Amino acid sequence: MSQYHIKNLEEYFQVYRKSVREPEAFWGEIAEEHFQWKKPWEKVLDWDFTKPEVQWFQGAKLNITENCIDRHLHTRADKTAILFEPNNPDEAAQPITYRQLHERVCQFANVLKEKGISKGDRVCIYLPMIPELAISVLACARIGAIHSVVFAGFSATALATRVNDASCKMMITSDGSYRGAKTIDLKGIVDEALESCSCVENVLVAKRINSDIYMKKGRDYWLQPLLDAAHKNCTPEVMDAEDPLFILYTSGSTGQPKGMVHSTGGYMVYSAYTFKNIFQYQENDVYWCTADIGWITGHSYIVYGPLANGATTVMFEGVPTYPDWGRFWQIVEKHKINQFYTAPTAIRALAKENLSHVEKYDLSSLKVLGTVGEPINEEAWHWYNDNIGKKNSPIVDTWWQTETGGIMISPIPFATPTIPTFATLPLPGIQPCLMNEQGTELDGNPAHGRLCIKFPWPSMARTIWGNHRRYKDTYFTAFENKYFTGDGALRDQTGYYRITGRVDDVIIVSGHNLGTAPIEDAINEHPAVAESAVVGFPHDIKGNALYGYVILKETGEGRDHDNLRSEINQLITERIGPIAKLNKIQFTSGLPKTRSGKIMRRILRKIACDEGDNLGDISTLLNPEIVEQIKKEVV
Ligand code: WT7
């Protein structure tokens, strides 16, 4: 039996039991056998959820890029590490071998050093899905700089907020990006953002679309000439297992985005371990995750997890709809993809189109299918299983979060029997529990409650950048001595988990995590708006869509409501990005409030979901009469 690579259900249970009974022995053995350390740890785990403080592999030294690149050079130098598939299907795919990756990462790392970046500095990366994105991430890790990747769909304001929060010293971007038939002026967005970021000293610009852009003298540099002049070797910085590897922002239910800080050693061990097991990766497989590296899925399961296992990982620049709805399947056939990992929202969109887009292609290479980011509904699950997997490839419905760093609850293919809508069982080392609102743990099955984790795991975020207090308040105060996920879950008779959705004011739209507060702040900036409230409602493709209730300062019959609606969405696009646009906007004269002045979102949610006839007791409201009126005005 190998605890690193689980092959059947019996093994899973054996390994799981050991991971709970002897967590330190369990993770210690895996870390020792499968990774390269420059100095061993003194202690595997030290933890205290009341502070909260968690340390894995205390005292150990390593560099994650040696584990992801250098050590494979003995056995896999000419194997493709990253397989780049461009937006335009007529442009040739670009395989990057482990040897080439080593050279390109070292050169990039030397450029960073030459531009004054050293261990501990923060570097913001705002790039499309081109090889420079993965390479710059690894280059930062090579020299111990902390990368903060911002998804290149975020607006200038959102980018500036993130750059300033982490006081990034450098920005890495490109002249622009391709997105289907469109091009996007990324450098223009960066220039606008940097007007309010004095911390950024230099901007490195990759050439992608060959557009004519503004380059600020003394600040902006084209990347390629610097890379060409750089040394092809770069000694990896010696990092402590607990040194931060990266910051990645996620939305909170209130206020500023949270810069989740991930560690080096624990993150490496857990992302690699879960990659191996959840995708059952074999040496010559080609693995493809369609996420963007701007999200945690891309960090853990395009870059670090696959590369730490010496895998071939595909990086796709484009979109599922370009040049037509068959693009995903064309790529599966072309590169003989063995493991395919995507979001339920993409599956739902693809399932709406004609099956001929699927049937044209040979998908027989597929062995494992995955989903991530939101619950997958039964219909989408069956479509995926029948038409893509041909009932022959297990589907892994993987539940996790930016904060958890790696997959937490998921089937292990060929071991765990799958049931649609169930993420099934916790991975080894993960100890989930369900709590009721009074704070009592629900033992026994079935049970439905708030999903918590009661024991540390190696890749958990260690803090929120610059705000440890908020880290504690958000995750460790709702339930004593437990990490609270913000999700609700059901555990069935057999112990399988189904995630039932967020229980806080975060809404998952097309698999993207959006907080209601920043969206409301953007709406309230409109001069005509007095107050607003945003809730989610079910949507065929996006899973959830956004419904905004907006109170205007003057009801002014004369105002053009459609015009106002597009102005509000324009503001949201500028402040956050197009992903946060509202699907429906209802103008109303009041919002249901509690006596302490809190908006009762539960009621607004029900009305938006067309369940307004079933509101329960509303007599405790300050203004119960408003509810009937809101129901009448529904759009
Ligand atoms: C939230 C985390 C982690 C990768 C991408 C999202 C929801 C995630 C599932 C799933 C049901 C899921 C949860 C979670 N979620 N995966 N398989 N089934 N819900 O990361 O942006 O940090 O969002 O996504 O609500 O809390 P994220």
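Student: Hi! Let's start with the ligand. Which residues come nearest to it?

Tutor: Happy to. The ligand has 18 residues around it, and Asp397, Thr398, Thr402, Asp487 and Arg502 come nearest. Keep in mind that the model is predicted.

Student: Which parts of the fold supply at least two residues of that shell?

Tutor: Helix α11 (296–308) does, and so do strands β20 (395–398) and β25 (497–502).

Student: What lies 2.8 Å from a nitrogen atom of the ligand?

Tutor: A backbone N or O atom of Thr398 does. Gly373 also has a backbone N or O atom by a ligand nitrogen, at 3.1 Å. On the oxygen side, the side chain of Arg502 places an N or O atom 2.8 Å from a ligand oxygen.

Student: How much of the ligand does the protein bury?

Tutor: The protein buries 95% of the 560 Å² that the ligand exposes when taken alone.

Student: Back to Arg502. Which side chain does it meet in a salt bridge?

Tutor: That would be Asp504, with N to O at 2.6 Å.

Student: What about Asp505, what does it pair with?

Tutor: Asp505 forms a salt bridge with Arg601, and their closest N and O atoms are 3.5 Å apart. This pair links distant parts of the chain, since Asp505 sits in the loop between β25 and β26 while Arg601 belongs to helix α19 (residues 601–608), 96 residues apart. Asp505 is partly exposed at 25%, whereas Arg601 is buried at 15%.

Student: How many salt bridges are there by this rule?

Tutor: The count comes to 37. One of them joins the side chains of Arg142 and Asp70, 2.8 Å from N to O.

Student: Why does that pair tie together separate parts?

Tutor: Arg142 lies in helix α6 (residues 131–143) and Asp70 in the loop between α3 (64–68) and α4 (73–76), so the bridge joins parts that are 72 residues apart in sequence. Arg142 is buried, at 2% relative accessibility. Asp70 is buried as well, at 17%.

Student: Which residues are linked in a network of salt bridges?

Tutor: Lys187, Asp191, Arg219 and Asp220 are linked that way. In general, side chains of opposite charge can pair when their charged atoms come close.

Student: New topic: where is Trp465?

Tutor: Trp465 is in the loop between β23 (463–464) and α16 (468–475). It is partly exposed, with a relative accessible area of 23%.

Student: What does Trp465 touch beyond four places in sequence?

Tutor: Its contacts there are Arg122, Ile146, Asp165, Ala166, Ile247, Gly259 and Val261. As for Ala533, its C-alpha is 28 Å from that of Trp465, and the two are 68 residues apart in sequence.

Student: Last one: is Val509 buried or exposed?

Tutor: Buried, because its relative accessibility is 5%. Val509 is found in strand β26 (residues 506–509). Leaving aside neighbours within four places in sequence, Val509 is in contact with Leu514, Lys542, Asn544, Leu546 and Ile579.

Student: And how far apart are Val509 and Val238?

Tutor: They are 40 Å apart in space, C-alpha to C-alpha, and 271 residues apart in sequence.

How values were computed. Residues are numbered from 1 along each chain as its sequence is written. This is a predicted model: local features need pLDDT of at least 70, side-chain atom pairs count only at pLDDT 80 or more; totals for chains, interfaces and linings use all residues. Side-chain values use heavy atoms; hydrogens and water are left out. A residue is near a molecule or strand if one of its heavy atoms lies within 4 Å of it. A polar contact is a pair of N or O atoms within 3.5 Å; within protein, one must be able to donate a hydrogen and the other to accept it, and residues adjacent in sequence count only if both atoms are side-chain atoms. Accessible areas come from the Shrake-Rupley method with a 1.4 Å probe; for residues, only the protein chains shown count as cover. Helices (H or I, at least four residues) and strands (E, at least two) are DSSP runs, numbered from the N terminus. Buried means under 20% relative accessible area, exposed over 50%, partly exposed in between (1.4 Å probe, protein chains only). Contact means heavy atoms within 4.5 Å. A salt bridge is a side-chain nitrogen of Lys or Arg within 4 Å of a carboxyl oxygen of Asp or Glu.
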